[in-house]
Amino acid sequence: MLMFVLVMVAVVVVIVAAVLVIGFGQRGGRGLKKRFGPEYGHVVERHNGDTKAAEAELGERVQQHGSLEERPLPPEAREGYCAQWARIQEQFVESPDKAVAEADMLLSRLAEDRGFPPSDQFENQMAALSVHHSDHVRGYRDLHTTAQVHGSTEEMREAMVRARGLVTALTTEQPAPSGRHRSHPHDGRDPERQAPGGPHTKGSTT
């Protein structure tokens with residue numbers, strides 16, 4: 001009788017432990033989906049649909065970079081970056097390749113100035129940015145890839161447009177919560193009219 005009771009207790013303990021583990025995993029998955037947004041889907045796709053592997057990677061990113069505190073930019077530095085970005089967008093009309101390359105370098109320096117890993121550690125920098133600016137990392141990744149492979153004019157234009165979100169996020173005065181969009185351009189101009197590939201951009205495809 002005693003043996004039977006002990007066996008039943010052991011079975012109950014195993015079942016409760018399994019339920020807790022499953023529940024924690026589900027909550028963790030939902031939390032990662034909420035925190036990383038589109039980046040969650042990108043990582044799952046890169047792991048060929050293996051959600052456990054993707055969530056392990058994302059969890060490691062949070063562990064490594066979650067405590068990172070973004071450094072505010074001095075006003076003159078913020079204005080300088082905004083002016084450089086505006087110049088690069090204008091330069092895109094005449095020289096898309098050069099504009100994309102300069103935009104990629106500007107974003108890497110800007111991220112480093114905000115306290116993210118150094119610009120010569122792109123993957124590490126990208127991982128940290130994904131924890132704090134998950135809505136915008138796709139734009140930076142596309143821009144970096146396009147700068148390396150020299151895509152079509154339309155691909156470069158689209159990469160520039162998507163990358164603008166991270167430029168805006170990183171040039172705001174105060175850090176924003178992870179996964180949140182920030183206010184848009186500081187110079188009062190219509191961002192769509194300033195973006196590469198607008199109505200008057202030369203050389204873009206339709």
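**Helix packing in a predicted model**

Student: Which residues in helix 5 meet which residues in helix 8?
Tutor: From helix 5, Pro96, Asp97, Ala99, Val100, Ala103, Leu107, Leu110 and Ala111 take part, and they meet Thr153, Met156, Met160, Ala163, Leu166, Val167 and Leu170 of helix 8. Contact here means heavy atoms within 4.5 Å. Helices are DSSP runs of H or I with at least four residues, strands are runs of E with at least two, and both are numbered from the N terminus.

Student: How do the residues of that contact divide by class?
Tutor: There are 13 nonpolar residues, one polar and one charged in the contact of helix 5 with helix 8. Ala, Val, Leu, Ile, Met, Phe, Trp, Tyr, Cys and Pro count as nonpolar; Asp, Glu, Lys and Arg count as charged; the others, Gly among them, count as polar.

Student: Before going on, what sort of model is this?
Tutor: This is a predicted model, in which local features need pLDDT of at least 70 and side-chain atom pairs count only at pLDDT 80 or more, while totals for chains, interfaces and linings use all residues. Residues are numbered from 1 along each chain as its sequence is written, and side-chain values use heavy atoms, with hydrogens and water left out.

Student: At what angle do the axes of helix 5 and helix 8 cross?
Tutor: The axes of helix 5 (residues 96-113) and helix 8 (residues 153-170) cross at roughly 25° and come within 10 Å. Axes are lines fitted to C-alpha atoms, for helices over the stretch in contact, with angles from 0 to 180 degrees between N-to-C directions. Helix 5 is therefore roughly parallel to helix 8; angles under 35 degrees count as roughly parallel, over 145 as roughly antiparallel, 65 to 115 as roughly perpendicular and the rest as oblique.

Student: Is that crossing left-handed or right-handed?
Tutor: The crossing of helix 5 and helix 8 is left-handed. A crossing is left-handed if the near helix is turned anticlockwise from the far one by less than a right angle, and right-handed if clockwise.

Student: And what about helix 2 and helix 3?
Tutor: The axes of helix 2 (residues 38-46) and helix 3 (residues 51-65) come within 8 Å and cross at roughly 125°. That angle makes helix 2 oblique to helix 3. The crossing of helix 2 and helix 3 is right-handed. Five nonpolar, one polar and five charged residues form the contact of helix 2 with helix 3.

Student: Changing topic, how many residues of helix 6 are buried?
Tutor: Helix 6 (residues 122-132) has nine of its eleven residues buried, and is thus mostly covered. Buried means under 20% relative accessible area, exposed over 50%, and partly exposed in between (1.4 Å probe, protein chains only). Among the buried residues of helix 6 are Phe122, Gln125 and His132.

Student: Where is Phe92, and is Phe92 buried or exposed?
Tutor: Phe92 lies in helix 4 and counts as buried because its relative accessibility is 0%.

Student: Which residues does Arg162 contact?
Tutor: Leaving aside neighbours within four places in sequence, Arg162 is in contact with Arg138, Gly139 and Asp142. Arg162 belongs to helix 8 and is partly exposed, with a relative accessible area of 29%.

Student: What does the secondary structure of the protein chain come to?
Tutor: The protein chain has nine helices and zero strands. Of its 206 residues, 39% count as buried.
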